[in-house]
Every structure is written in C-alpha cells, then in structure tokens.
Amino acid sequence: YQRRVHGVKTECGREYGGNTNNTTIEHGFFSRAVAARYMGIIVQSWHGHPSMRVDALIGCTSVPTTPPCPFLKDTPLDDRTASSKQGDLSAAMLDAATGQGAWIPGSARAGEWQILDLKTVKRVAGVAVQGRHIHYQFVTKFKVETSLDGEAWTQTDGGKVYDGNDNNTTIEHVAFLRTVKARYVKLIVQSWYGHPSLRSDVLLACKEPTP
C-alpha cells in the first residue's frame with residue numbers, strides 16, 4: 001500500500017509491506033516523522049479481498065520531532081559483534097557502501113547472529129534492516145533477542161519470526177509489539193535470499209527506561 005499526507009505521497013511513493021495473515025498487527029514506520037492532520041492509505045495489492053483494520057502511529061512530542069519517535073540509534077561499528085563474518089563489519093551500518101557491502105556471516109545457515117551494544121540500557125522499539133550494497137542478497141526472516149547484561153537473553157514478542165527485506169536496498173523498520181528495556185540487541189538470521197547479508201540498526205523509543 002501507499003500513504004498520502006496532505007496529498008503528498010510519503011517517501012516518494014514508496015510501496016509498504018502490509019500483512020501476511022488476517023490477525024497480526026504490523027507496524028509500518030516512515031523513514032522520518034511528518035507533520036500532518038490527515039493520512040490516506042491507498043491499497044495496492046491484497047489476498048482474497050482488500051480488507052483492513054488500521055490506525056496511525058503518533059510520535060511522543062508535537063511535530064516536527066527531533067529526532068522522530070522512534071528513532072535510529074546509529075550504532076557504531078565498534079559496538080557490534082557477530083557469530084562469524086566474511087571480512088569485517090565495516091559495512092554493517094544502514095546505507096553503508098564500503099567493504100563487503102553488509103555484515104556477511106561466514107556460512108549460509110540459520111542461527112548466525114549480530115549483536116548491537118547500546119552501551120547503556122535503553123527502551124527499544126524495534127529494529128531496522130537492509131540488504132547488501134550492490135549485490136542482490138538480503139535476510140528475509142529473522143528473530144530478535146535482547147539482554148540487559150549480555151549474558152541472559154530474552155526473545156522479543158515470544159520468539160516471533162519477523163519479516164525482513166524483499167530486496168537489497170530498502171530499509172525496513174520492524175516494530176516490536178511493545179517496547180523492551182535492553183542494552184544488547186541480537187538479530188538472528190532465519191532465512192535469506194542469495195546469501196545472508198544484513199545492514200541494520202536499533203529503533204529506540206522516545207522515553208528512557210525507568211530504573
């Protein structure tokens with residue numbers, strides 16, 4: 001589907017991924033917050049018959065927000081580790097166009113992971129994922145685990161398998177059903193196209209966690 005705000009297509013007319021079943025609530029984020037009173041949602045494709053229950057995601061403060069809510073952590077390379085890798089992690093960040101063009105695990109198998117260290121406990125709203133620069137390779141399904149100390153891990157949303165990318169260029173924002181407090185965020189590969197290849201970051205909520 002597409003979205004229009006004040007008659008202007010959001011993100012240059014980008015088509016967003018909708019639902020894959022009739023029960024799960026999917027949260028679709030814009031790349032940046034927009035100021036609007038009205039929002040139109042325009043159906044592009046469907047299963048069975050066009051059918052939709054919908055609402056808007058509102059930022060935490062009056063628009064425009066700086067940064068928008070939720071917002072990308074912009075986790076530096078030094079704060080990332082991986083189960084294995086080809087080359088280094090120099091291209092693991094979103095929109096990176098250097099080195100290998102993404103984090104590429106040493107083997108094409110489910111269970112390979114990358115951990116992002118937020119340095120302090122934050123309220124995490126989700127993650128953003130992207131495929132490999134230039135090469136048509138990307139992660140199509142993944143799980144997420146979070147930790148306060150890097151030792152004990154908890155699956156987000158009860159171990160839900162999230163939809164990842166369907167191409168190697170688009171950044172997909174994947175929201176958890178509820179925010180979680182965490183310092184470490186682990187993205188775990190489940191399936192892929194071509195070869196597991198991932199550029200990623202963490203989506204932080206506006207509010208800091210209470211002690």
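Over the ring of which residue does the charged end of K186 sit, 4.3 Å from its centre? That ring belongs to W153, where a charge sits over a ring if NZ of Lys or CZ of Arg is within 6 Å of the ring centre and within 35 degrees of the ring normal. This is a predicted model, in which local features need pLDDT of at least 70 and side-chain atom pairs count only at pLDDT 80 or more, while totals for chains, interfaces and linings use all residues. Residues are numbered from 1 along each chain as its sequence is written, and side-chain values use heavy atoms, with hydrogens and water left out.

**Chain**
- The chain has zero helices and 11 strands, these being DSSP runs numbered from the N terminus (helices: H or I, at least four residues; strands: E, at least two).
- Of its 211 residues, 39% count as buried, meaning under 20% relative accessible area, with exposed being over 50% and partly exposed in between (1.4 Å probe, protein chains only).

**Aromatic rings**
- The structure holds six aromatic pairs, counted when ring centres of Phe, Tyr and Trp (its six-membered ring) lie within 6.5 Å, with planes under 30 degrees apart called stacked, over 60 edge-to-face and the rest tilted.
- One of them is the stacked pair of F138 and Y193, at 5.3 Å centre to centre and 10 degrees between the planes.
- This pair joins strand β7 (residues 138-147), which holds F138, to strand β10 (residues 172-193), which holds Y193, across 55 residues.
- F138 counts as buried at 3% relative accessibility, whereas Y193, at 45%, counts as partly exposed.

**Charge over a ring**
- The charged end of K186 also sits over the ring of W113, 5.4 Å from its centre.
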